[in-house]
Amino acid sequence: MIAPGPRGHSLFGELLPIRRDRLEFVLRMRREFGDFARFRMGFRVAHLVSHPDAVGHVLQDNHKNYCKGIGLAQAKRWLGEGLVTSEGEVWARQRRLIQPAFQRQRLTGFSPVVTAATGAMLDRWCSEPGRNVEVASQMMRLTLEVITRVMFSAGVANTSEIGVAFTATLHDAMDRMTALAAVPDWLPSPGNLRFRRALRTLHAMVDAIIHRHREEGGAHHDLLSMLSAEGLEDRELRDQVLTMLLVGHETTASALAWTFYLLASHPWAWARLKEEVDRVLGGRVPAHDDLPDLVWTRQAFEESMRLYPPVWLIPRRAIADDEVGGYSIPAGSEVLISPYVLHRHPDYWERPDEFDPERFSAEPAEKRRRYTYLPFGAGPRACVGSALASMEALLILAMVAQRCRLELVPGFEVVPEPLLTLRFRHGLAMTPVLC
């Protein structure tokens, strides 16, 4: 049985509405056609799957039949064979190598890196009270600093230039994902030229990190040391470092920025965050051992990731024919799972569009249906660094709340931009008000 869906344009299918507003498109597909919607993206057939049982089938139960799909396939142009884009035995080997770097017992030693970098950022903010800051890019800068020091024992220079480069590569992947036909790599088009400049910038950064690490002769017991000890070739080492830099800072920064936006949009929520932080910490810098007591802080962060999940789309491609929810999934077709849709599904969330951190208190969480909340993905390819990301985010939220309150700049328009991660199209202008 073929899943229902729109007729679409004879040539473009649904590419035009997808390019106009990707988030509205996936919401409309579920709203109009239900939990299984079939549509065309040019010459490609895609299925949007929004039922938790079907999500579990694709990501967990029958995951070996699904490889990385549209979007991530395009990202392989610059991420190479990193953990996010590799498949099969290559991916399994990489996962085994990288997993120990994110073990929970190592996180305690990472918290001082997070608090030191956050303290330096807050010192800059507080040195010019009343001055607006662009919080989305500030979070990118902060989380990039943290991930390089935690994973590679090195800082980075020119973070703004690196941020521009990452943005260019993400736009390139999304443009290719939603194009009828990709522009050949050899053609000196404006998009290809921007992509090449961005790739040169990112490769220079990664090569500098690797070179510095080798000069220090393995003085650090970090991820780069673990990978180097396995004898990875230079290209594979670069792919892994670049992948870890992207996923290790991009998603956490996005989640933090959306959390600050929601807290500022709900003053009562900011007041409650401030009350908890002051009560638990008493003015001191937070440490890893404080995290279990920052209960409401965690709930606010998790609710933010429900409304604005950093990874808004999980693409897969069927290797062989399959059947999901009674509907046929032909080999080669795309299967799209959208946490943005699942997290706002009215069948599984009461008042799904409202910001309510209490829904993540212990009792409701125990009653939550599996595969309806996927901020870090699910199945064997769930995010390897989820514990680090959560720890980092809670420490940053607590430290910011200790020293200032972020207010939205009046009249500033907040527009989501769904690339491979859920960004802000025009940034996030806010004003720190000192406590």
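Reader: What relative accessibility does Glu32 have?

Author: This is a predicted model, where local features need pLDDT of at least 70 and side-chain atom pairs count only at pLDDT 80 or more, while totals for chains, interfaces and linings use all residues. Residues are numbered from 1 along each chain as its sequence is written, and side-chain values use heavy atoms, with hydrogens and water left out. Buried means under 20% relative accessible area, exposed over 50%, and partly exposed in between (1.4 Å probe, protein chains only). Glu32 gets the partly exposed label, as its relative accessibility is 47%.

Reader: Which residue does Glu32 form a salt bridge with?

Author: The test for a salt bridge is a side-chain nitrogen of Lys or Arg within 4 Å of a carboxyl oxygen of Asp or Glu. For Glu32 and its partner, the closest N and O atoms are 3.5 Å apart. That partner is partly exposed at 21% relative accessibility, and its name is Arg28.

Reader: How many residues apart are Glu32 and Arg28?

Author: Helices here are DSSP runs (H or I, at least four residues), as are strands (E, at least two), and both are numbered from the N terminus. An α-helix has 3.6 residues a turn, so residues three or four places apart point the same way. Glu32 and Arg28 both sit in helix α2 (residues 22–33), separated by about one turn, that is 4 residues.

Reader: Which residues are linked with Arg28 in a network of salt bridges?

Author: Searching the whole structure turns up 28 salt bridges. In one network of them, Arg28 is linked with Glu14 and Glu32.

Reader: How far apart are the closest N and O atoms in the salt bridge of Arg306 with Glu303?

Author: Both residues belong to helix α13 (residues 295–307), 3 residues apart, which is again about one turn. Arg306 is buried, with a relative accessible area of 0%, and Glu303 is buried with 0% too. Their closest N and O atoms are separated by 2.8 Å.

Reader: Is Asp356 buried or exposed?

Author: The side chain of Asp356 meets that of Arg351 in a salt bridge, at 3.3 Å from N to O. Arg351 is partly exposed, with a relative accessible area of 40%. Asp356 comes out at 17%, under the cut-off, and therefore counts as buried.

Reader: Which side chain does the side chain of His345 make a polar contact with?

Author: His345 is in the loop between α14 (339–342) and α15 (362–367), and is buried at 0% relative accessible area. Contact means heavy atoms within 4.5 Å, and beyond its neighbours within four places in sequence His345 has Arg30, Asp35 and Ser50 in contact. A polar contact is a pair of N or O atoms within 3.5 Å; within protein, one must be able to donate a hydrogen and the other to accept it, and residues adjacent in sequence count only if both atoms are side-chain atoms. The side chain of His345 makes one, at 2.8 Å, with the side chain of Asp35.

Reader: How far apart are the end C-alpha atoms of helix α9?

Author: The expected span of a helix is 1.5 Å times one less than its number of residues. For the 26 residues of α9 (residues 190–215) this gives 38 Å, and the end C-alpha atoms agree, being apart by 38 Å.

Reader: Which helices do the buried residues of α9 pack against?

Author: The buried residues of α9 include Asn192, Phe195, Leu199, His203 and Ile210. The buried residues pack against α4 (72–79), α7 (135–152), α8 (159–177), α10 (223–229) and α11 (234–265).

Reader: What kind of ring pair do Trp258 and Phe424 make?

Author: Rings of Phe, Tyr and Trp (its six-membered ring) pair if their centres lie within 6.5 Å; planes under 30 degrees apart are stacked, over 60 edge-to-face, and the rest tilted. By this rule there are 12 aromatic pairs. The centres of Trp258 and Phe424 are 3.8 Å apart and their planes at 20 degrees, so the pair is stacked.

Reader: How many residues apart are Trp258 and Phe424?

Author: Trp258 is buried at 0% relative accessibility, and Phe424 is buried at 8%. Their pair links distant parts of the chain, Trp258 in helix α11 and Phe424 in strand β11 (residues 422–424), with a separation of 166 residues.
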